[in-house]
Structures are given as C-alpha cells and as structure tokens.
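Subject: Structure handover

Hello,

Here is the structure I promised to pass on. Please open it next to this email and follow along.

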Amino acid sequence: MKRVAILISGGGSNMIALARSMEGDHPARPVLVLSNDPAAPGLDRAAALGIPVAAVDHRPFKGDRAAFEAALVKKLDAAAPDVICLAGFMRILTAGFTGRYAGRMLNIHPSLLPKYPGLQTHQRALDAGDAEAGCTVHEVTSVLDDGPILGQARVPILPGDDAESLAARVLVQEHALYPAVLRRYVSGDRTPVLL
Ligand code: GRF
C-alpha cells in the first residue's frame, strides 16, 4: 500500500478529491495532510475523513525557508510517505526540499504548462485571448511549475468568462485529473493522463 502525504494551504478541494479517490480499491492511502497555515479549512476537512493532519505555520520563520522546510520535513518523514502531492500549496520550495523528494513529489498547477507558470494563470490566459485553458499535474523539480508533465486537462474559454468563471471550470477538471494521475503514478506508470 503506497503512502501519500498531501500538502495544502487553503480549502483543500484537490486534497479531498485525492483522498476520496483512494477510498476502496486503490493501491495508495493518504497518511498525512500537512499545511503551512494552521487555520487552513482543508485541515478540518481532512480530519473529518479520518486522515492524520499537521500544520507548520510558515510565518514565525520570517522568510527563513530552510528552517521552515526543516520543520515540514520532520512532520513529513514521520509519516514515511512514498509520494507527496502538493495540492493548492502556496509556498515556494527550495532546491533542498525538492531535491529531497525528487522523483516522488507531484503538483497541480491551474494552467496548460509550459504556458503561465506562476500566479494569476486564468487572467493571463484571458488577457492573451486564448481559446482554451486548463490544468497540469507535473513532477516537482527545483524549477517552479516545471518538471515532467504527468497529466493535463483542457477547458474552453467562453465568451463572457472572467478569471473566476474560468477558475471554477478548471477546478472541476483538477478534481478529475489529479486522482487519475496519482493512480497511474503509484502504479509506476508515467504515461501522461490527457483529459
Ligand atoms: C487550485 O486552483 C489549484 O490549482 C491551485 O490552488 C487552487 C486551490 O486549490 N494550486 P484547493 O482547492 O486548495 O485544492
């Protein structure tokens, strides 16, 4: 049984989708939901599903990323994860952290990478006049929102869309894509999932 740790910063809707996908006949189980915000609503949602939770507040570390990450590592390694899923995790990780978990850490990003790494992805797609948008699951490397693509889902950009309506349409696909990628990934299959 593969052990999956999920890192969140907020509501955790992707974490919920992943956790629910692992109920029943699945080669993996969630063993920890960890947040950089002790008040992240996703922590209560994970606890309600019976998943162990923890938080390391990044604010006391005042920008000392290495010290913050050392505290994360302590919590993470206590759970002995085989795979780590970043899911709405909004802290930038150093090469030390990404290197420690290289080859077993995934992230979901709300754009069709390599387009629009970073923030405000939906507004940037709208401003560019793109016909479609979407989300990407990729292996995490030391380069932000880069790394081998493990899955993508595409949605149309419709007349009258704003960043909010587009984000909502993409989020529905995120909740389908991430569980599909995780299932393949824990089975050792790296064939990209294209929805
Ligand atoms: C989602 O748009 C996800 O793509 C991004 O964070 C947003 C919120 O995710 N990484 P969640 O609801 O906290 O999973």
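Thr136 counts as buried, because its relative accessibility is 0%. Buried means under 20% relative accessible area, exposed means over 50%, and partly exposed is in between (1.4 Å probe, protein chains only). This is a predicted model: local features need pLDDT of at least 70, side-chain atom pairs count only at pLDDT 80 or more, and totals for chains, interfaces and linings use all residues. Residues are numbered from 1 along each chain as its sequence is written, and side-chain values use heavy atoms, with hydrogens and water left out.

Thr136 sits in strand β6, residues 132-139. Helices (H or I, at least four residues) and strands (E, at least two) are DSSP runs, numbered from the N terminus.

Now look at Ala125. This residue belongs to helix α5, residues 121-127. Ala125 counts as buried, because its relative accessibility is 3%. Which residues does Ala125 contact, leaving aside neighbours within four places in sequence? They are Tyr116, Asp130 and Ile157. Phe97 is 28 residues from Ala125 along the chain, and their C-alpha atoms are separated by 30 Å.

Next, the whole protein. There are six helices and eight strands. From the N terminus, the order is β-α-β-α-β-α-β-α-β-α-β-β-α-β. The radius of gyration is 16 Å, close to the 16 Å that the globule rule gives for 195 residues, so the protein is as compact as a globular protein of that length. That radius is taken over C-alpha atoms, and the rule is 2.2 Å times the number of residues to the power 0.38. The C-alpha atoms fill a box of roughly 50 × 40 × 30 Å, taken along the principal axes.

Of the 195 residues, 46% count as buried. Take the contacts between residues at least 6 apart in sequence: 61% of them join residues at least 24 apart.

Best wishes

Notes. Contact = heavy atoms within 4.5 Å.
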